[in-house]
Amino acid sequence: MRSGPLESKGDMEELLLSLLVPVYNRPDEVKELLASLVGQAPFCYELILVEDGSTMPCQEVVAKYEGAFPIQYITIPNGGPSNARNVGSTYAHGRYLVILDSDVELPSGYIRHVTEAIQRYEAEGTPLDAFGGPDAADEHFTNVQKAINYSMTSFLTTGGIRGGKRRISHYFPRSFNMGCRRLLYKEMGGFDAQMRFGEDLDFSMRLYERGAHIVLLEEAQVYHKRRVDFHKFFRQVFNSGIARIHLSRRHPGSLKLIHLLPSIATVGIVGLLTLGIILLPFLGWLALMAWLPVVLLALLFFVDAWSKTHSFYIALLSIRASFTQVIGYGTGLLVASWRCLVLHQPEFSAFKQNFYK
C-alpha cells in the first residue's frame with residue numbers, strides 16, 4: 001500500500017535527489033532522520049520511506065513533517081531492505097537516488113555538499129554515475145555507539161578495508177550513504193533482493209564491472225548510529241565476514257589478502273591465548289607472556305581510540321568493540337570459507353530472525 005506523497009512544496013518533476021530509506025520497526029530513528037532533513041538546502045529533494053512490514057510503523061511520525069518537504073510513505077510486506085529499496089525506487093522522481101539507512105542523521109550541509117558535487121562533475125564533463133560518503137558519530141550518540149563507530153572506521157580494524165579513503169584504489173559506496181543515477185539503478189535491476197548481507201557491496205561491484213564513474217564525496221558524511229549493543233554488533237560483523245566469501249564467488253578476483261587479515265588475526269589471538277593457558281602449569285605466570293601481543297594490540301586500539309575520541313571511557317569501550325569486530329568478521333569469513341569454498345555449499349547467513357537484526 002502506498003500512503004502519499006504527502007502534500008508539500010516543491011516541483012516533483014524537477015527534483016535532483018530522491019532520498020530512499022527502508023525502515024523496519026524504527027519510528028524513533030525515523031523521527032531523528034526527518035528532523036535532520038528540515039532546513040536542508042537547496043530544496044531539490046524528496047524522501048521516500050518504505051515501511052518493510054513493520055509492527056511498529058512510523059506513519060504518525062511521518063505525518064508530523066507533512067509540508068516540510070516532499071515525502072512518500074510506502075508500506076509493503078517484509079522482504080528485507082534490498083527489496084524495499086527496489087520497490088521505493090519505482091516511486092522516485094529525482095535524477096539521483098540517495099540510499100540511506102534509517103539509523104542515520106544528516107548534518108546540515110549534506111544536501112548542499114551532494115548537490116554541489118553533482119554539479120561540479122557535470123561542469124567538468126565527467127557526470128557521476130554513483131557516489132558515496134563516509135559516516136561518523138554525532139556528539140549525542142551513546143558511548144557504546146561511539147566505540148562501535150571507532151571500530152567501524154579505524155584503519156586498525158576491518159574499517160581499514162572499507163575503502164573510505166581516496167588512497168584506496170576502489171571505493172565501494174555502502175548502503176548507509178550511497179547515491180546512484182536513478183536510470184542506471186533501474187537498468188541494473190537495483191539490489192539483489194536475495195542477498196541478506198553484502199548486497200551493497202555486490203551492487204557497488206556490479207557498478208564497477210559496468211564501468212560506472214564512482215566517486216567518494218568526503219564532505220558528504222552522515223551520522224550513523226549503527227548497532228546499539230555489542231551482541232547485535234557481533235552478529236552484524238559475523239554476517240559481514242560470511243558475505244565477503246559469497247561476494248568472492250559472485251565476483252571472482254574480489255577477495256584480496258587484506259580481506260583475510262581479520263581471520264589471520266582471529267586465529268593468532270585465539271592461538272596465543274590458548275598457548276598461554278596450556279603452558280601455565282609448566283611455566284607459571286611466565287607462560288602469560290604468550291598473551292603479550294594481544295595485550296599490545298589492545299593497547300594500540302586504546303591509544304588510537306583515545307586520540308580520536310578524546311575520551312578515556314570510550315577508548316576503553318573501543319577495545320571491546322575492536323576485538324568484537326575483528327573476531328566476529330574473521331570468524332564469519334572462516335566459517336563461510338569452509339562451508340562455501342571447501343564443502344561447496346550454497347550461500348547462507350546466521351541469525352536469521354529478519355533482515356534488520
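Mentor: Phe43, Tyr45 and Phe69 form one aromatic cluster. This is a predicted model, in which local features need pLDDT of at least 70 and side-chain atom pairs count only at pLDDT 80 or more, while totals for chains, interfaces and linings use all residues. Residues are numbered from 1 along each chain as its sequence is written, and side-chain values use heavy atoms, with hydrogens and water left out.

Trainee: Why is the pair of tyrosine 45 and phenylalanine 69 called tilted?

Mentor: Rings of Phe, Tyr and Trp (its six-membered ring) pair if their centres lie within 6.5 Å, and planes under 30 degrees apart count as stacked, over 60 as edge-to-face and the rest as tilted. The centres of tyrosine 45 and phenylalanine 69 are 6.0 Å apart and their planes stand at 45°, so the pair is tilted.

Trainee: What makes phenylalanine 301 and phenylalanine 323 an edge-to-face pair?

Mentor: Their rings are 5.3 Å apart centre to centre, with 85° between the planes, and the pair is therefore edge-to-face.

Trainee: How do you know whether phenylalanine 301 is buried or exposed?

Mentor: Buried means under 20% relative accessible area, exposed over 50%, and partly exposed in between (1.4 Å probe, protein chains only). Phenylalanine 301 has 1%, so it is buried, and phenylalanine 323, with 15%, is buried as well.

Trainee: What places arginine 339 over the face of phenylalanine 348?

Mentor: A charge sits over a ring if NZ of Lys or CZ of Arg is within 6 Å of the ring centre and within 35 degrees of the ring normal. Arginine 339 lies over that face of phenylalanine 348 at 3.7 Å from the ring centre.
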